[in-house]
Amino acid sequence: MTSRPKIGVLALQGDVREHFSALDACGADAVGVRRVSELRSIDGLVIPGGESTTISRLLTVFEVLEPLRELLGDGLPAFGSCAGMIMLASEVLDTRPDAQHLDAIDMTVRRNAFGRQVDSFETDLEFAGIDGEKMRAVFIRAPWVERAGDAVDVLATVPNGPAAGRIVAVRQGAVVATSFHPEVTGDLRVHDLFVDIVRKAR
Ligand code: GLN
């Protein structure tokens, strides 16, 4: 099948370029999006890693927060990594009081949850629905999911160490979120999964 879905990468702040390369390699046309008109022209949206409070502020400044929340409510497929996961949550702990989020997944996410001593770490984990080798997961000042609603599928948890069992990848309908950064490892399987979700939703 030759159809290349058009997937927007929210290009306000964060590691936008890494998602571009991954989406391209998975057979999607990736475009940077900032404006509401651009958001209305895409088949799916990636919210990159970065700093969620900055992304939140810029979404408000550009007046895209409400329209984007509506598009997601209407079924726009989305994938968020790290700060993107935070943005997709319905509740965020340890954030700024004025920070906004998009309510696309019924979950409570804690920012910077792994603590100062372990700002960044890597591990290999099992990812539900993705067979083969374990997935290398890179965590950078990452959030975890502290509560996942009934409609949410847990796709991955931390396999061992002090945070063992913590939820780090979820899906609700056409919306996927990971605490870690699949866009930086060269492992395309999460992006492949998302492009597939977008193709099926078209
Ligand atoms: N700590 C960042 C935040 O709160 C997320 C870090 C990341 O995206 N790598 O948004």
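Guide: First, a polar contact here is a pair of N or O atoms within 3.5 Å; within protein, one must be able to donate a hydrogen and the other to accept it, and residues adjacent in sequence count only if both atoms are side-chain atoms. This is a predicted model, where local features need pLDDT of at least 70 and side-chain atom pairs pLDDT 80 or more, while totals for chains, interfaces and linings use all residues. Residues are numbered from 1 along each chain as its sequence is written, and side-chain values use heavy atoms, leaving out hydrogens and water.

Now, the contacts. A polar backbone atom of Ile 140 lies 3.0 Å from a ligand nitrogen. Of the 300 Å² of accessible area (Shrake-Rupley, 1.4 Å probe) that the ligand has on its own, the protein covers 95%.

The residues around the ligand (a heavy atom within 4 Å) include Cys 82, Asn 112 and His 181. UniProt, in an unreviewed entry, puts a "binding site" at Gly 50, Glu 51, Ser 52, Arg 111, Ile 140 and Arg 141; such annotations may be inferred rather than shown by experiment. Those positions span 92 residues in sequence, but no two C-alpha atoms are more than 12.8 Å apart, so they gather at one spot.

As for Gly 50, its relative accessible area is 43%, so it counts as partly exposed (buried is under 20%, exposed over 50%, with a 1.4 Å probe and protein chains only).
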